[in-house]
Amino acid sequence: MTTSVLVLGAGFGGLELSSRLSQELGDRVHVTLIDRSDAFVFGFSKLDVLFGKKTSEAVRLPYRELATPHVGFRRETITAIDPGARRVTTDGGTYEADVLVVALGADYDLGATPGLAETGHEFYSVPGAEALRDVLPSFRAGTAIVGVCGAPFKCPPAPSEAAILLDEYLHERGVRDDVRIQVVIPFGTPVPPSPATSEAILARFAERGIEFVRDRRVAALDPAAHEAVLDDGSRLPFDLFLGIPVHRAPAVVEVSGMTRGGWIPVDPGTLATRFPGVYAVGDVTSVGTPKAGVFSEGAARVVADQLVARIRGESEPPGYDGTGSCWIEFGGHEVARVDVDFFSTPGHPTGTFTPPSVRTAEEKVEFGTSRRARWFGVVTG
Ligand SMILES: Cc1cc2nc3c(=O)[nH]c(=O)nc-3n(C[C@H](O)[C@H](O)[C@H](O)COP(=O)(O)OP(=O)(O)OC[C@H]3O[C@@H](n4cnc5c(N)ncnc54)[C@H](O)[C@@H]3O)c2cc1C
């Protein structure tokens with residue numbers, strides 16, 4: 001008997017889940033993978049696009065090149081999810097399956113921050129990173145703010161990485177002395193689970209003259225005054241605003257009735273939702289790990305392993321452990337790593353820091369290369 005699995009979203013979570021099921025179960029499973037896009041882009045590639053290191057074309061991994069023989073990819077937009085019936089409607093048809101996995105990530109809500117769309121920029125989407133890349137060359141003097149508009153947000157180190165890379169970019173252009181860089185983050189430190197990582201980032205900020213505005217969120221941009229209005233009412237003037245927009249579950253998930261407090265609650269060990277046969281992985285959940293690709297794929301692996309064991313009649317595999325490694329760009333071709341553990345001591349995540357080096361930068365490249373090979377069959381680049 002073939003088990004049908006419907007995977008919604010072909011990001012980190014959906015790609016890892018479908019490729020693992022295909023690899024482990026062959027034709028004992030039939031996977032349908034649905035995404036509205038025609039290509040996958042690693043989150044960290046948006047920083048390469050922003051600073052003109054790679055073109056958007058170079059970082060796209062087209063879904064037509066998926067290397068997963070037992071997976072049927074459909075480029076369609078999901079318009080309704082009925083988790084009770086495990087029925088999904090798209091602009092191309094209706095699907096039902098034995099198992100439904102929601103891996104639809106997080107959407108950006110620019111409208112939640114008044115003034116952001118008119119006066120600011122965001123670099124969390126490819127079009128946003130492209131638009132900022134195009135204005136950067138004409139930015140020669142003034143204040144640049146890298147500002148977080150709401151939490152939770154994807155990849156907590158990314159605002160700090162953007163500030164460090166912006167400093168380097170401006171330095172290389174010979175205009176750094178004429179620019180003030182400020183980072184506004186709604187946490188007390190850049191990476192709260194790892195004091196050593198935060199210390200290293202703050203030391204780099206101090207060395208490079210980057211100002212850190214802690215425990216504050218950008219609530220609005222005032223287009224007339226060109227000021228960022230923070231959540232305590234204070235104001236920071238800016239000439240260029242690089243924003244991290246408010247994140248929310250995709251609207252189709254919100255209206256499905258699956259969310260509580262904005263995100264899909266799941267059993268942290270199994271990633272099961274309260275609907276039988278329905279799982280959710282990655283950024284769309286409130287599982288308790290940060291919104292980052294490594295955690296989405298780790299959760300997807302756990303769901304895949306449970307399905308594989310069930311279909312083969314084997315014993316239940318270990319549950320999700322909430323661990324993952326994040327790479328952090330430090331400039332000068334050096335990358336640091338933080339290995340974080342969110343579940344071992346509940347409520348007290350911990351992180352181990354590996355200082356920036358060229359060696360760790362190579363590890364990050366290897367991380368991307370291995371995913372390209374696993375999901376798309378691409379062996380170089
Ligand atoms: C600047 C930046 C840097 C980052 N750096 C890192 C990093 O170094 N390491 C790391 O681990 N993470 C990083 N991330 C975070 C990472 O990209 C995300 O956390 C990760 O992609 C989440 O995976 P996911 O599978 O949960 O969702 P996603 O990868 O976002 O996938 C969701 C998919 O669902 C699709 N979708 C949504 N709605 C619909 C719909 N209605 N119909 C059809 N399809 C739909 C989308 O097109 C998308 O392909 C970074 C992110 C950014 C923005």
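Reader: In which kind of crossing does helix 9 pass helix 10?

Author: This is a predicted model. In it, helix 9 passes helix 10 in a left-handed crossing. Val 294, Glu 297 and Arg 301 of helix 9 make the contact with Phe 367, Arg 371, Arg 374 and Trp 375 of helix 10. Three of these contact residues are nonpolar, none is polar and four are charged.

Reader: What makes Gly 120 buried?

Author: Its relative accessible area is 11%. Buried means under 20%, so Gly 120 qualifies. Gly 120 lies in the loop between helix 4 (116-119) and strand 11 (121-122). Leaving aside residues up to four places away in sequence, Gly 120 touches Gly 115, Leu 221 and Phe 241.

Reader: Why is helix 1 called largely enclosed by the rest of the structure?

Author: Count its residues. Eleven of the 14 are buried, so helix 1 is largely enclosed. Among the buried ones are Phe 12, Leu 15, Glu 16 and Leu 25.

Reader: What span is expected for helix 1, and what does helix 1 reach?

Author: Helix 1 (residues 12-25) reaches 20 Å from its first C-alpha to its last. That is close to the 20 Å expected at 1.5 Å a residue. Just after helix 1, Gly 26 takes a positive phi of about 55°.

Note on methods
Residues are numbered from 1 along each chain as its sequence is written. This is a predicted model: local features need pLDDT of at least 70, side-chain atom pairs count only at pLDDT 80 or more; totals for chains, interfaces and linings use all residues. Side-chain values use heavy atoms; hydrogens and water are left out. A crossing is left-handed if the near helix is turned anticlockwise from the far one by less than a right angle, and right-handed if clockwise. Helices (H or I, at least four residues) and strands (E, at least two) are DSSP runs, numbered from the N terminus. Contact means heavy atoms within 4.5 Å. Ala, Val, Leu, Ile, Met, Phe, Trp, Tyr, Cys and Pro count as nonpolar, Asp, Glu, Lys and Arg as charged, and the others, Gly among them, as polar. Buried means under 20% relative accessible area, exposed over 50%, partly exposed in between (1.4 Å probe, protein chains only). The expected span of a helix is 1.5 Å times one less than its number of residues.
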